[in-house]
Amino acid sequence: PPAARAEAPEPPAAMVCPGQVADSEEGHVARGHSVASMPSLDPVDSDGPCGMSSGSRQGKSPRPSMARVVAPDRICLRRMKTEKLIRDNMKVYEFSDCDILSLSVKDRLAYHLENMASVNEDYPFYVFCVVFFLIISVLGSLWMASIPDVGGPDKKSQDWFDAFFYILQVAAVGEANEDMNTSQVGSLVVYIVSLLLGLLLVAVLIGMVTARVDDLLRVAKTGRTRVADTSHTLILGWNETTVRVVCQIALLRAQVRKHSRFASCILRRCGCTRRYTSSPTPVGEARIVILAASKSKMEMHKLIEEAFEERGISRATACVGRDVVCRVGDPASVPDLRLVGADRAKAILVQMTEEDEKTAEEHEGVVVNSMTLRTMLALRVVLSTAKSVPWEDLRVVAQLSAPSTAMQFLDFGHTAEGRPILHVEDLTLFLNRLMFRCCAQPGLAQVTVSLLGFQGKAIRLMRAEDFQAIGHEVIGKTAKELALFWEDAIFAGIIGEGWRDAATLDHWQGFAPAPDRVIHSSDRIIYVCDRPLPRLSSFKRASAVHPDFDAQPMSPCNMLSRPIKKRILVCGWRAEWDNPSRWGLRMFETAEGLPDGSSITFLCTKDVAFVNGAFDILAAESDRIAQSDAAEPLRRNASPGCPLERAAPKCRLSHLRRLSTVAAGQPSDIEKIENMVLKIDGKVRVHFIHGDPASYEVLGDVFAKTKYDSVIVLSTNADAKDRKISPLSRDTRMLNIMLFIHHLQAQTNGTHIIGENALDSSAVLANTPMFHDAVDQEHPQPDMVNVQAIYARALVQNLAFPRLQSSMAQLFSGAPGAPSLRLEPAAKFLPPGEYSFGAVVLLLQEHFPGDILIGIRGANGQVSIAPGLTELCKCDIGDLLVLITRRLSSGQRRASIHLPEMEIHSVATPNSCTSIGVDAVHDLRRGDVPS
């Protein structure tokens, strides 16, 4: 306290420590700190700060500070300790109280340089250039001053330009010019200084350039540079399907470059002045840009290059880095979307399903497709704020991991022709439908993959005007005439002007239109080919007549025979089926295509509570909706734009009924599950068996009780819903179950197996050596539904041909009256023999004018899509014709046409066709319902 300091005696002059000054009137120290402010060094008397004991703080008499008054006998030791403590504390206090006057020039320059370098990365280089020229100027001036001004030949050395040039040469190259005069001491000193400074400046310059190049290479590797392309194809996100999507687009580009550019070059050299269309879709020519945050640029490059090498895609066709550009960023970020030019792209594919699954756990499953929704909202902001967007050619396709109600409120607008820009795809619905349809039609999955992919013959779309421009006179022809118009392509359908929703069925539009439909200039033609422009046909109808056709005419009523009931076993469970409404919709659709008396058995680990609750919900929904005759099918939680749900027409609903009750006594939960049976429309039974299909004992007991015609092997089980399983683990589980079934086929010959695989190699591993031989009816070849391959092909089809979306949805909907892809035995149409493909097309046109033959599937599993019309095809027992038809299937016919069963059987022979009428039978085949 000030009072204590006033009473304390002044210390001797010799005891004033260095750096101690008298206090000012304000009580502050001008520079440094006095010894009084330092802690006391006496271990006994230094209880308080500033040398005051604790007693002085409690009202006792203050004691003088030992820093000011020191006993003479302890001066030496205390003084040494005091000076050391002062020096240490002064350093701390001076650093903490850093005064502006203590800043050096070096600190100011470093501060300014760091700030300017943050503004401009090239600022240090500019500083180096200024310093370099200053040094050259100073040294050049010194050189001029060191050379004496003499006449004669040395006069040349006094030129300022020569002086600066000599110094620059020495500093940059380190070599003296012959004209330089270093005889004087001053010039020699300037020369040596120039040489040393030159070495230093060159070293600094090399370091700066090296660091700058490293930064540029580092930025190039991180994938953060701006994309300068226009009209490109943009993929947002990364999942298991992305690599296959890139491969399908690369295959489409390969076909366009192989045929279109070569043909265009030939036409130009021949002097053809007609307008030539190189590709019917911009996806076939544009560059592919990928924006993902889950993988680095090098990881994406490696995965894509490995996939290209595996599929034989050459670098000349699609080179990673040139044709496939990868960028790292958040697809849900507006700046990152502008970084990849989202407002300049013509095709955008959103694949954020993996991020959706991660965030779904945080929302406890209430909010689904959250990251996809955020990405779509960010994309909408970019498109709405851009100066120019290619709206007419823009198409946005979003892949969903689950049905989402929020997606129906998201709208990107429509084009001038009415086509919606945004199209959402919940492909799990399409996959589930395809697997159940494979039970009734073996080989359908293989045909579907072939038609959707671009590795060979695939479904394509092109304007009639573009065909007309290259000399293909299609305008004015009918659909029947186009059946034999091309040699290496198959006419499949027509899409008229304007936009039609998939729920609107029109026999003049879509696949398999009416035979007398006339092609107009505003129409688009659907065809199956391996090139953008097919070749014209040279096939002649006169040469297509086969002598056996008249000898064994096809019965007009053979399609009305009674089908054989089927028993289907489903091994596994899907997470999306935990929604009873969605699972019930799949059962409704499957039951429509199954014969009477069929059954569907689920072998999984679902508990009795779920099965009982699901049956109750489905029965209540069916009872409520079935009261209306015009009610639409059950489609709860259907995403808008879904290719399956939106294509379901209005028809009579199947009715659910609980068939059996629980046995008497106290049965276990497993017995309760197995005793619960659901009967759909009185003809198809659905029940559960509790157990893990990956166990050989469980499968052995199931096959010992019942012989199944078809087995669907899923790669997931009921208890694997909440954990992420890798594709390798899923396929290994599937292969394990299929191996057990193959071994059990010794007692169950003829079982047809349908399995889903995520890896391409799993389809090869699933085939045993017996499948590579000839036909084996006792061990038929399994149908492998490649999940990711089908996803990729469906997404690329919708991305490349957006006008084809509604027609494709109708093709795979299975709705009555809609076109469908069907495999029918060739023996029903023609006797065994060898025919030209054009002859088979003519035969089918004669009996079923509305059907379209697109290929043949042999009994050995080989599929021939769109062969040449003059190509010979061998049709034997077991071969299947691949058709696109609007004729009703047996299940649809019984559900939609309420004819007595004996009347249907009465027309099964040619002599009894008068009970209904031959015309009515032909109408029945075409799908026309007689009044």
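Trainee: What makes Phe125, Tyr126, Leu205, Val209, Val213 and Leu217 a nonpolar patch on the surface?

Mentor: A patch takes residues with over 30% relative accessible area and no salt bridge, joining nonpolar side chains (Val, Leu, Ile, Met, Phe, Trp, Tyr) within 5 Å and like charges within 9 Å. A salt bridge would be a Lys or Arg side-chain nitrogen within 4 Å of an Asp or Glu carboxyl oxygen. Phe125, Tyr126, Leu205, Val209, Val213 and Leu217 make up such a nonpolar patch, with about 500 Å² of accessible area together (Shrake-Rupley, 1.4 Å probe, only the protein chains shown as cover). Keep in mind that this is a predicted model: local features need pLDDT of at least 70, side-chain atom pairs need 80 or more, and totals for chains, interfaces and linings use all residues. Numbering starts from 1 along each chain as its sequence is written, and side-chain values use heavy atoms, without hydrogens or water.

Trainee: Which elements give two or more residues to that patch?

Mentor: Those are α5 (123–146) and α7 (185–222), and α7 provides the largest share, four residues. Helices here are DSSP runs of H or I, at least four residues, and strands are E runs of at least two, numbered from the N terminus.

Trainee: Why is Val209 called partly exposed?

Mentor: Buried means under 20% relative accessible area, exposed means over 50%, and partly exposed is in between. Val209, which sits in α7, has 43%, so it's partly exposed.

Trainee: How do you know whether Asn369 is buried or exposed?

Mentor: Asn369 has 1% relative accessibility, so it counts as buried. Its place is the loop between α11 (353–362) and α12 (370–385). Skipping neighbours within four places in sequence, Asn369 is in contact with Asp356, Leu400, Ser401, Ala402, Pro403, Ser404 and Met407, where contact means heavy atoms within 4.5 Å.

Trainee: Why does Thr415 count as buried?

Mentor: Thr415 comes out at 8% relative accessibility, and therefore counts as buried. This residue lies in the loop between β5 (395–399) and β6 (422–425). Leaving out residues up to four places away in sequence, Thr415 touches Trp391, Glu392 and Ile421.

Trainee: How much of the whole chain counts as buried?

Mentor: Of its 931 residues, 49% do. The chain has 28 helices and 24 strands.

Terms used: Buried < 20%, exposed > 50% of the residue type's maximum accessible area, 1.4 Å probe, protein only.
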